[in-house]
Amino acid sequence: MASENASADHFSRGQWEPAVERFRVMVVGAHPDDPDFHFGGTASRLAAHGARVVFVSLTNGDKGHFSMSSAELAARRLAETRAAAKVYGLEDYVVMDNRDCELAPTLENRLALTGLVRKFAPHAVFTHRPNDYHADHRATSQLVMDVTYLLGVPLWCPDVPVPKTKPSVWYLRDAFENPRRMRPDLVVELSPSDRENLFGGLVCHRSQFFEWLPFDMGIPADEIPPADDAVRAREFIWRHWFRPRWSMDAGRFALAGEAFEIFELSEYGREPTPEEIRFLKGER
Ligand SMILES: [Zn+2]
């Protein structure tokens, strides 16, 4: 797994020095499956290459179900993140205790996220784009953008020191066209084993991919595979979410491969070095 040669921490002059530093990546999503859904394949590959990868969900995901109570659902989703974190090789999967569908870019959340990001001092941060169908995704994106500048302001949140590392900031893939289509600035082509890991983590989110989302999408209950059938479970997720996604992305971005995770660079973060981009793409 982690190569200690590429792992000790050091960062200077804004440049990642892979010989002495372990690359740190933080993926900030609104709900406890958003990082997995957009970054699971890349996360597992980066972790296998020695990176430290942390997923963050800014809400506890306590609304997306049709039969459980909010408290039961939040506890279940937390357990699902724990299981997925093991599959992806994450260092941590932080689930903040904001309620689902209620996230706002408040001062309190800005402070909390500042502390979280400063303590981990990631080289790269990934989050939703600012225009999105879900209010929590939009609030998450705004919080990350707000915090990106404030990370380097020492009198803001003085309890947590400003880290040496200023992160590059990236947007997770989406299909929205308004106000404009995302730019495929970073395309990570997923190998068969990356795909296995991606789906292996997603099937941990049983309450979402086999209960809430099929209910929300009107998929008949008799199409949903049983919990003990891992092969059908992975196929179900591929067929309903990833076959259309990858087909769309191959077409709209003229990509030659079969499976991708695609990201857009935000202009608010640090410019990534070519070496960092190669590492993120798994080309080291
Ligand atoms: Zn979400």
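Visitor: How many salt bridges does the structure hold?

Guide: A salt bridge is a side-chain nitrogen of Lys or Arg within 4 Å of a carboxyl oxygen of Asp or Glu. The structure holds 22 salt bridges. This is a predicted model, in which local features need pLDDT of at least 70 and side-chain atom pairs count only at pLDDT 80 or more, while totals for chains, interfaces and linings use all residues. Residues are numbered from 1 along each chain as its sequence is written, and side-chain values use heavy atoms, with hydrogens and water left out.

Visitor: Where do Arg76 and Glu80 lie?

Guide: Helices (H or I, at least four residues) are DSSP runs, numbered from the N terminus. Both Arg76 and Glu80 belong to helix H2 (residues 70-88), four residues apart, about one turn of the helix. Their side chains meet in a salt bridge of 3.6 Å, N to O.

Visitor: Is Glu80 buried or exposed?

Guide: Buried means under 20% relative accessible area, exposed over 50%, and partly exposed in between (1.4 Å probe, protein chains only). Glu80 has a relative accessible area of 5%, so Glu80 is buried. Arg76, at 24%, counts as partly exposed.

Visitor: Which residue forms a salt bridge with Glu177?

Guide: The partner of Glu177 is Arg181, with the closest N and O atoms 3.1 Å apart. Glu177 is partly exposed at 45%, and Arg181 is partly exposed at 36%.

How values were computed:
Helix = DSSP H or I, 4+ residues; strand = E, 2+ residues; numbered from the N terminus.
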